[in-house]
Amino acid sequence: PDRSYILEIFKPPVSFLLKQAAGIKRASMEPGRKVAGVVSLKHIYEIAKFKHSDMNCAHLELKEMCISVLNTANRNGIKVLKTD
């Protein structure tokens, strides 16, 4: 064998990108009760579009990826505003 391999480097996790967009360092310790930060739907769309090119997310449609990012924001205690 020629000992070759393919190295795939993924983009940062969605929770990291959401915390950056919200301007916080740590997610809420009590999601659903306390809000750690706020992002807009535009942020959600941009994060979904950015992560959509990853190999492990390529099989999802962009709408499904947006829903996944919304769920991650909810689990981290980040509130999503419909307007900017």
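Modeller: Helices (H or I, at least four residues) and strands (E, at least two) are DSSP runs, numbered from the N terminus. This is a predicted model, where local features need pLDDT of at least 70 and side-chain atom pairs count only at pLDDT 80 or more, while totals for chains, interfaces and linings use all residues. Residues are numbered from 1 along each chain as its sequence is written, and side-chain values use heavy atoms, without hydrogens and water.

Biologist: How many helices and strands are in the chain?

Modeller: The chain has three helices and two strands. Along the sequence, the pattern reads α-β-α-α-β.

Biologist: Is the chain compact or spread out?

Modeller: More spread out than a compact globule, because its radius of gyration is 15 Å, well over the 12 Å that the globule rule gives for 84 residues. That radius is taken over C-alpha atoms, and the rule is 2.2 Å times the number of residues to the power 0.38.

Biologist: What box do the C-alpha atoms fill?

Modeller: Roughly 55 × 25 × 20 Å, along the principal axes.

Biologist: New topic. How many salt bridges does a search of the whole structure find?

Modeller: One. A salt bridge is a side-chain nitrogen of Lys or Arg within 4 Å of a carboxyl oxygen of Asp or Glu.

Biologist: Which residue pairs with K51?

Modeller: D54, with the closest N and O atoms 2.9 Å apart.

Biologist: Are K51 and D54 buried or exposed?

Modeller: Both K51 and D54 are buried. Buried means under 20% relative accessible area, exposed over 50%, partly exposed in between (1.4 Å probe, protein chains only).

Biologist: What share of the chain is buried?

Modeller: Buried residues make up 27% of the 84.
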